[in-house]
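Visitor: Please pick one part of this model and look at it closely. I would like to know what it pairs with, what packs around it, and how that compares with what is found elsewhere in the chain.

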Amino acid sequence: MSCDALHSMLSFGHCIKRGENNIGRYGNGFKSGSMRIGRDVLVLTKDGVSMSAGFLSRTFLDSIFASEVLIPLLTWDVATKSIDGTLGSEITKNSLNIMTQFSPFRSEKELLGQFDLIKSPTGTRIIIFNLRISKNEPECTELELDFDTDPSDIMLRRDATSNVNQEIAFSLKHYCQILYLVPTMRIILRGKRIRTHIASRNLHMTKTCTYKPKEQAQTKVTFGFNLSNKKAYGMLFYCKNRLIEYYIPVGFQTEGSSRGKGVIGVVQADFLQPTHNKQHMMNTPEYVFFKKAMASKLNLYWDSCLSHGGIGNFWADTTNTIDECWIQCDKCLQWRRLAETSDKPSEDGLWFCELNTDPRQRTCGVSFSIDTLVHTKRLVTKPREKKKSTKLNPTAEEEVAVEDATSILKKGIIQSKSKSSQFSICSSDEEEEVESSQKSTTSPGSEEDKGKSHKTKKNKNKVEDKDKDKDKKGCRSGF
């Protein structure tokens, strides 16, 4: 970033991520996110021409009892490594003094040494320090983040009374493994590559179905058993390839019994709206209806898989393996399907396309979609049972009468022999309403009008007599 871009990023009350195509449209911003983790943050960035440093420090602001936010900024020329004095010598000198006094780097030389750690001509390095303490007590020195339990992970310290069994709730590494539905980047945590997973391809007894939201394109839903951790179950809701909600129990899983345990559902719900921090879906009517639909589909999957065997026997079977094994090349970052799960390297091991036993995917230059090879079964929904008809078998004369009535129905009206009267097709209840409305709206008229109405009533009585005869025989025309 340039110095102006860095100043824009660190300025309070300013946001440039409102556009639909901008990265970081949702989620916590840099300032609120970094200040949640620690009290001070130093941003070092270069754009090929200049090198800039910005310092957002609550420790510095508290020391001077500041009533407004002051952010020191410095810029150096890449070629000469001399400080740009555009802001004035006094401001530049004060900014350098603040950075060297309140940051871990005590001289300008140490600050410039941090830019050398950015290997490429452009890039950004963010350093957060004075991290948050786990408890707001003066004698407590334990950090909220745990760096000691796993040297390759950053974890939240677990409360002794916590009943949460999912590792994803406490581990940054496990969260990053399924953060994206189809990962297309390389994630490095504490100097080690995180081996990401495709959640919908890392299951056992996989079956798929579709969900069609109102006025939206249908989306695919994948169900399967999570063999790695049967205590982690529920729905994984993605939006625009990014995980929003994880392990949401639905259907049988909310009963407290063993039914539904170990089953994971994966769906990309782009038709739903995530909250601003990307941690939940907005509780809209569409979301409520969607969860109900997922509950019925998960129950159907459970019944179809374990209707003939006990759940205890299933988990006791050590021969169960995931249906498909996919891995990301460490060179081209494309996903490849392995013929055998034994070909998969360890979490820390590297894997490249030339190691694949499938000749079609043995080079990085070959583009390959994860949907090209799909061996999952389709989840078949139960067809609705048709209600048995209560009609009796009509006679030949009645069949002819019904056919005649059907042809008349297509025309939309019944024309009587008398040109002065017409009848619309309606049910018996609707006929009674029409007659009552005609009686209530008829006004006294001439003798000629009375004669016409008398003929009309006679024609109606004839139609009603025919209907009564058909009812007695056990068959109606169905109008």
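Guide: Two strands are counted as paired if DSSP finds at least two bridges between them. Strands (E, at least two residues) and helices (H or I, at least four) are DSSP runs, numbered from the N terminus. The model is predicted, so local features need pLDDT of at least 70 and side-chain atom pairs count only at pLDDT 80 or more, while totals for chains, interfaces and linings use all residues. Residues are numbered from 1 along each chain as its sequence is written, and side-chain values use heavy atoms, with hydrogens and water left out.

β1 and β2 form a hairpin with two residues between them. Glycine 48, in the turn, has a positive phi of about 95 degrees. The two strands run antiparallel and are joined by seven bridges, and lysine 46 stands opposite methionine 51 of β2. β1 also pairs with β4, again in the antiparallel sense, through nine bridges. Aspartate 40 has phenylalanine 129 of β4 as its bridge partner.

Burial comes next. A residue is buried under 20% relative accessible area, exposed over 50%, and partly exposed in between (1.4 Å probe, protein chains only). Eight of the ten residues of β1 are buried, so the strand is largely enclosed by the rest of the structure.

In α1 (residues 3-10), Leu6, Ser8 and Leu10 are buried. In α5, the buried residues are Leu111, Leu112, Gln114 and Phe115. They cover an arc of only 150 degrees around the axis, which puts them on the same side of α5; the arc is that of the directions from the helix axis to the C-beta atoms. Among the elements that cover them are β1, β2, β3, α4 and β4.

Some of the charged pairs involve elements already named. A salt bridge is a side-chain nitrogen of Lys or Arg within 4 Å of a carboxyl oxygen of Asp or Glu, and the whole structure has twelve. One of them joins arginine 36 and glutamate 144, at 2.9 Å from N to O. Arginine 36 lies in α2 and glutamate 144 in the loop between β4 (122-131) and β5 (145-146), so the pair ties together parts 108 residues apart in sequence. Arginine 36 is partly exposed, with a relative accessible area of 42%. Another salt bridge pairs aspartate 116 with lysine 81, whose closest N and O atoms are 3.8 Å apart. Here aspartate 116 is in the loop between α5 (108-115) and β4, and lysine 81 in the loop between β3 and α4 (89-102), so the parts tied together are 35 residues apart in sequence. Both partners are partly exposed, aspartate 116 at 45% and lysine 81 at 38%. Salt bridges also link Glu142, Asp146 and Arg157 in a network.

For comparison, the largest nonpolar core has 28 residues. A nonpolar core is a set of buried Ala, Val, Leu, Ile, Met, Phe, Trp, Tyr and Cys residues joined through side-chain atoms within 4.5 Å. Helix α7 supplies the largest share, ten residues. Apart from this core lies another, of 19 residues, including Trp76, Phe105, Ile127 and Phe129. Phe129 is the residue of β4 that has aspartate 40 as its bridge partner.

Terms used. Contact means heavy atoms within 4.5 Å.
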